[in-house]
Amino acid sequence: MEQKDVLKALQRDHAAELKLAAERLSGTAKHTEIIPSPVLSEMTGHTILLKPENLQVTGSFKIRGAYNKIASLSEEELARGIVTASAGNHAQGVAYAARERGAKATILMPTITPPLKVDATKAYGADAVLHGDVFDEAAAYAAELSEKQGMVYVPPFDDYEVLCGQGTIAMEILDDVPDVTDIVVPLGGGGLGAGVALAVKTFRPEVRVIGAIPEGSPAFKNSLAAGRVVAADQVVTSAEGVAVKRPGDLTFALLNEFLDDLVTVSERDINEMILLMLEKHKLVVEAAGAVSLAALEHLNLRSRKFASAPGPHVVVPIISGGNIDTVTIGAVIQKGMIARGRIMNFEVELPDTPGQLVKVATILAQERANVIALDHDQFKASGVYANAVALGVTVETNGPDHIDRILAALREAGYQPRRIY
């Protein structure tokens, strides 16, 4: 976005535009209900209340910004058709909104987009075209199509109407949780964060807005540190919804002014939160949606403004979406269970004599470890015994303490187990 357009947007009547967005979205977007989280409250020591935009129409907050933008277009603009780029959720929001407004939509999507999101976009009647390895490459091609074919480009984040639509999330939070002290929001291109920050600082400036990003998506961290928009050299994260190399110009301008702090989370943090939401809240949350949840345990240490503020803290993390395919869920569950000590794999060398496998199995049974897989391989042995066999075992466990007891029992029996994961 050109600087003159950024300045023009910053001078608009934010309160009026946010209220107009809420009016447009009434009857289209759900007012997602706040969900208390006893488990996260106990883990963090703060009152945690979830804003579940994963339960939104199309499974993501993106319907808000997309619909508000498309609802602002004239009939002539709608007739020209709509084009956009998205990693999936904005695509579904635009496709849904375009269908509701009777416009044709073409969506450019990075090749890393999960099939679930591609299929869902097509189901809303849009033409989905896969192009580029990351969002920025798809966006560049979408802009090219807009210029050549005259279609109206609906930006996924760097647009005033789009971010005002996202800001209605904060308006609902402020209404539903009058004593909220902190709102945690995931940042990719910045549309959600900028909209939330704009609404909060317009209506309740004392409430803190804290951004959360994956370690592998550092564009906003680098940009805020530099005081200007800086593109990341590379983006490597499972959270494709926030895998953006370059923040928006308008979103950066707003967040540079209104964002109170920024917290970085690891891939392990994200996976653990996806699993926790499934187990404790029965909620399906995609990786980008879990970024804000992953930040909760780190607020005291990684957010100076949060830690220095007097309590009590009433924190509302925004779960931005829940569009995740079953294959990814399966992989995330397994990684999460490994990280939490619920699955353990180890190798041990045994004398190649009858009965050795039974001895190991007996120890595991006594320690109540459920065997998931065995790999009995004579060719992997390193030679601890004259005639040796390598045994690889994967077991279901009840946490780190249980793993320690299993390994200790094997060592007490004379074996030398080596934990793999």
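1. A residue counts as buried when its relative accessible area is under 20%, and as exposed when that area is over 50%. Keep this cut-off in mind for G190. Note also that this is a predicted model.

2. Start with G190. Its relative accessible area is 3%, so G190 is buried. Where does G190 sit? It is found in the loop between β7 (182–186) and α10 (191–203).

3. Now look at the surroundings of G190. Leaving aside residues up to four places away in sequence, G190 touches F157, F220, T251 and L255. G190 and R12 lie 178 residues apart in sequence, and their C-alpha atoms are 19 Å apart in space.

4. Next, the domains. The protein chain is divided into domain 1 (3–60 + 159–324), domain 2 (82–150) and domain 3 (341–419). The centres of domain 1 and domain 3, taken over C-alpha atoms, are separated by 45 Å.

5. Turn to the open sheet. It has 4 strands in the order β5-β4-β3-β6, and the pairing is parallel. Which strands stand at the edges? They are β5 (127–130) and β6 (152–153). Each has a single partner strand, so one side of each is left without a neighbour in the sheet.

6. Zoom in on one pair. Strand β3 (residues 82–85) and strand β4 (residues 105–109) run parallel and are joined by 4 bridges. In this pair, T84 stands opposite I107 in β4.

7. Finally, find the helix on this sheet. Helix α8 (residues 135–149) lies across β3, β4 and β6. Helix α8 runs at about 160° to β3.

Terms used. Residues are numbered from 1 along each chain as its sequence is written. This is a predicted model: local features need pLDDT of at least 70, side-chain atom pairs count only at pLDDT 80 or more; totals for chains, interfaces and linings use all residues. Side-chain values use heavy atoms; hydrogens and water are left out. Two strands pair if DSSP finds at least two bridges between them. Helices (H or I, at least four residues) and strands (E, at least two) are DSSP runs, numbered from the N terminus. Contact means heavy atoms within 4.5 Å. Axes are lines fitted to C-alpha atoms, for helices over the stretch in contact, and angles run from 0 to 180 degrees between N-to-C directions. Domain bounds come from an automatic or database domain assignment. Buried means under 20% relative accessible area, exposed over 50%, partly exposed in between (1.4 Å probe, protein chains only).
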